[in-house]
Amino acid sequence: EPEVTQTPSHQVTQMGQEVILRCVPISNHLYFYWYRQILGQKVEFLVSFYNNEISEKSEIFDDQFSVERPDGSNFTLKIRSTKLEDSAMYFCASSDERADTQYFGPGTRLTVL
Amino acid sequence: AQSVTQLDSQVPVFEEAPVELRCNYSSSVSVYLFWYVQYPNQGLQLLLKYLSGSTLVKGINGFEAEFNKSQTSFHLRKPSVHISDTAEYFCAVTNRDDKIIFGKGTRLHILP
């Protein structure tokens, strides 16, 4: 069964450094999303992406964040200058043309020191 | 605006006993409803979903949920739980091609 994959599974970085989290959505999917889950808290929406542009973004998704689909398979989330409060589990999700169900990847745990 | 309320943050239940995890939602438009499960140190797995049609939906691992529009509820049930059901369960709501709004989660503890 096709799955969303994410790399790396765990990323440790120093405050102020740039990180890129990578996702490979399910191959025929058209809608892409990033969510995050701070430890012990609920899952929060960051951004949605369709037709090579951002569809919607949350208040969390400020100028330090960007997303890109550099080729036909990868979907990346970049944090330009990480802060301690960016430490969280980041989930990528995708859905097909019906856009009624999102399938999640296993997540990348980001630790900012 | 949409919102999801999971009334219980933790639910302890004995193995082989039935369980119900409660979820209420609010929305001004028609919604799609989901339950996701997160096993320890893992990602989010889709357990079941309601898009339309029959209000009783069946998911994986013997779980089912019932959509009740008048009570704006989507409670999750299992008639007999197993130790392997230990996980956090998230109720969620969305519209088509929209972001998912998650509840805060309910941690299911299975007691031997």
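**Reading the pockets of a two-chain model**

Trainee: Which element gives the most to the lining of the largest pocket?

Mentor: Strand 6 of chain B does, with 5 residues. Strands here are DSSP runs (E, at least two residues), numbered from the N terminus. This is a predicted model, in which local features need pLDDT of at least 70, side-chain atom pairs count only at pLDDT 80 or more, and totals for chains, interfaces and linings use all residues. Residues are numbered from 1 along each chain as its sequence is written, chains are lettered from A in the order in which they are written, and side-chain values use heavy atoms, without hydrogens and water.

Trainee: What volume does the largest pocket have, and which residues are closest to its centre?

Mentor: Rolling a probe the size of a water molecule over the atoms shows where empty space is left. A pocket is an open set of points on a 1 Å grid, where a 1.4 Å probe fits, with protein on both sides within 12 Å along at least five of seven lines; lining residues have an atom within 4 Å of a point. The volume, the space filled by probe spheres set on points joined across faces, edges and corners, is about 600 Å³ for the largest pocket. Among its 26 lining residues, A:Glu1, A:Tyr103, A:Phe104, B:Gln45 and B:Leu46 are closest to the centre. Strand 10 (103-104) of chain A, with strand 5 (32-38) and strand 6 (44-50) of chain B, each give two or more residues to this lining.

Trainee: What volume does the second largest pocket have?

Mentor: Its volume is about 480 Å³. Of its 26 lining residues, those closest to the centre are A:Gln37, A:Gly40, B:Gln38, B:Glu88 and B:Arg107.

Notes
Helices (H or I, at least four residues) and strands (E, at least two) are DSSP runs, numbered from the N terminus.
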